[in-house]
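Subject: Structure handover and findings

Dear colleague,

I am passing the structure on to you with this email. Please have it open beside the text while you read.

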Amino acid sequence: MSDGLRVTLRQSAPISLDAELSCAPGELLALVGPSGSGKSTILRCIAGLHTAIEGEVSCGRDTWFNGGVNNSGVNLPPQARRVGLVFQNYALFPHLSAVENVATALGHLPPALRRERAAELLARVHLQGLEMRRPATLSGGQQQRVAVARALARVLDHESAVLLLDEPFSAVDQVTRRKLQSELVRLRRTLNIPIILVTHDLDEARAMADRITILHRGVTLQNGAPDEVLTRPRDASVARLVQLTNVFEGTVSAPLAPGGKPRLTWHDYTFDIENDNGHVPGSRVCWAIPPRYLLLHQRLRPSHGERENAVTGTLIDCTPLGETTSLSIAIDEEPQRPLTFSIPTHVAVRNALRIGEQVGVSLLAAGIHLMPWEALEERRGD
């Protein structure tokens with residue numbers, strides 16, 4: 001990809017980085033990882049607010065940073081990079097109006113045109129009529145829109161530009177958060193620049209991003225489409241980072257017939273699987289299954305899917321959470337690592353589920369994902 005954003009960063013301190021990422025024009029890439037994983041540091045390196053010891057940052061045909069022993073030593077200052085950055089706390093100037101805040105990012109335009117252009121950008125984020133309001137008189141959602149308009153002021157109409165969003169929705173309530181997410185999704189359809197979103201919210205990343213990059217301790221662990229990364233992690237470490245709770249150890253078994261697909265043995269059970277991921281029979285593996293591929297056997301109305309990879313266990317948790325109910329089922333062979341998933345609450349009520357009872361579950365073959373083996377720590381309660 002020659003016309004998008006390309007980033008390679010390496011350093012040992014103050015935060016260790018060994019990260020690589022790319023983002024095409026019109027694409028939204030989500031950086032996901034726990035606190036301290038280097039997400040915000042990477043944004044600061046792209047924007048020129050932090051300089052890594054070694055690496056490269058380029059956008060389109062422009063090189064913004066090229067540092068290290070064998071590199072050219074390019075390091076453009078922030079004002080020379082076409083970067084629109086929306087901070088976590090918006091970082092608006094409190095003494096300026098909304099339109100004046102946006103105008104501060106339009107230094108490339110003649111002074112006579114800046115206010116008119118700023119007003120156009122505020123209208124684009126649905127703030128018509130609030131141009132003269134100062135940040136203190138705006139709601140959190142309105143302040144976020146001003147911050148987005150100011151960021152757009154630096155990147156629109158430029159070929160080599162990027163929009164960076166650092167946890168932009170974390171300071172607003174849930175209802176406003178969903179509304180702003182929808183507005184950003186609609187807005188990005190009109191933008192033909194790379195967009196990088198830093199978030200710790202996996203649901204947000206799944207809903208908004210074209211691709212996800214998983215980071216941990218400054219290292220890029222996996223990159224790909226949201227569903228691929230969140231349901232088919234590279235290894236058990238990534239599975240934990242994307243909050244896949246159903247991760248177990250097993251062994252690949254030989255197919256039932258010559259030329260057939262290998263199977264997965266887990267204690268006394270042997271499961272059909274759709275993809276062995278290159279693991280040969282006899283290999284020890286870790287395996288995962290996302291909750292949506294677990295099917296509860298209903299007492300009153302059995303379904304065809306109940307015959308697929310069926311297991312029986314003890315219900316150890318049944319917690320209603322509004323319209324859904326969270327279940328944990330301990331399989332006799334591995335009680336410390338239960339199967340966890342959710343079902344509609346009306347299904348739990350209809351089946352009169354009770355803690356301590358035996359229940360059946362099917363593990364759909366399409367959702368069983370094999371990973372390299374590693375010894376799993378015993379799961380402990382929160």
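Predicted model: local features only at pLDDT ≥ 70, side-chain atom pairs only at ≥ 80, totals over all residues.

Sheet and strand pairing

An open sheet is formed by 5 strands in the order β14-β13-β12-β15-β21, with antiparallel pairing. Its edges are β14 (269-272) and β21 (369-372), each of which pairs on one side only, and from one strand to the next the twist averages 45°. Within this sheet, β15 (residues 284-288) is joined to β21 over 4 bridges in the antiparallel sense, and there Ala 288 stands opposite His 369 of β21.

Another set of pairings involves β1, β4 and β5. Strand β1 (residues 5-11) pairs with β4 (residues 54-59) in the antiparallel sense over 6 bridges, and Glu 56 in β4 is the bridge partner of Thr 8. Strand β4 also runs antiparallel to β5 (residues 62-67), to which 5 bridges join it; Asp 62 in β5 is the bridge partner of Cys 59. These two strands, β4 and β5, form a hairpin with 2 residues between them, and Gly 60 in the turn has a positive phi of about 60°.

Aromatic rings

The structure holds 7 aromatic pairs. Phe 248 and Trp 266 make a tilted pair, with 4.9 Å from centre to centre and 50° between the planes. Because Phe 248 lies in strand β12 (residues 247-253) and Trp 266 in strand β13 (residues 263-266), this pair ties together parts that are 18 residues apart in sequence. Both Phe 248 and Trp 266 are buried.

The rings of Phe 271 and Trp 287 have centres 5.9 Å apart and planes at 70°, so that pair is edge-to-face. It links distant parts of the chain, with Phe 271 in strand β14 and Trp 287 in strand β15, 16 residues apart. Phe 271 counts as buried at 1% relative accessibility, and Trp 287 is buried with a relative accessible area of 0%. Ring pairs link Phe 248, Trp 266, Tyr 269, Phe 271 and Trp 287 into a cluster.

A polar contact

Thr 340, which lies in strand β19 (residues 334-344), is buried with a relative accessible area of 15%. Its side chain makes a polar contact with the side chain of Thr 245, at 2.5 Å.

Salt bridges

The structure holds 14 salt bridges. In one of them, Arg 211 and Glu 27 meet through their side chains at 2.8 Å, N to O. This pair links distant parts of the chain, 184 residues apart, since Arg 211 is in strand β10 (residues 211-216) and Glu 27 is in the loop between β2 (17-23) and β3 (28-32). Arg 211 is buried, and so is Glu 27.

Arg 284 forms a salt bridge with Glu 249, with the closest N and O atoms 3.8 Å apart. Arg 284 lies in strand β15 and Glu 249 in strand β12, so this pair ties together parts that are 35 residues apart in sequence. Here Arg 284 is exposed, with a relative accessible area of 52%, whereas Glu 249 counts as partly exposed at 28% relative accessibility. Elsewhere, salt bridges that share partners join Arg 10, Asp 18 and Glu 20 into one network; within it, the closest N and O atoms of Arg 10 and Asp 18 are 3.1 Å apart.

Key. Residues numbered from 1 in each chain as written. Heavy atoms only, no water. Pairing = 2+ DSSP bridges. Axes fitted to C-alpha atoms, helices over the stretch in contact; angles between N-to-C directions. Phe/Tyr/Trp six-rings, centres within 6.5 Å; stacked < 30°, edge-to-face > 60°. Buried < 20%, exposed > 50% of the residue type's maximum accessible area, 1.4 Å probe, protein only. Polar contact = N/O pair within 3.5 Å; in protein donor to acceptor, adjacent residues only side chain to side chain. Salt bridge = Lys/Arg side-chain N within 4 Å of Asp/Glu carboxyl O.
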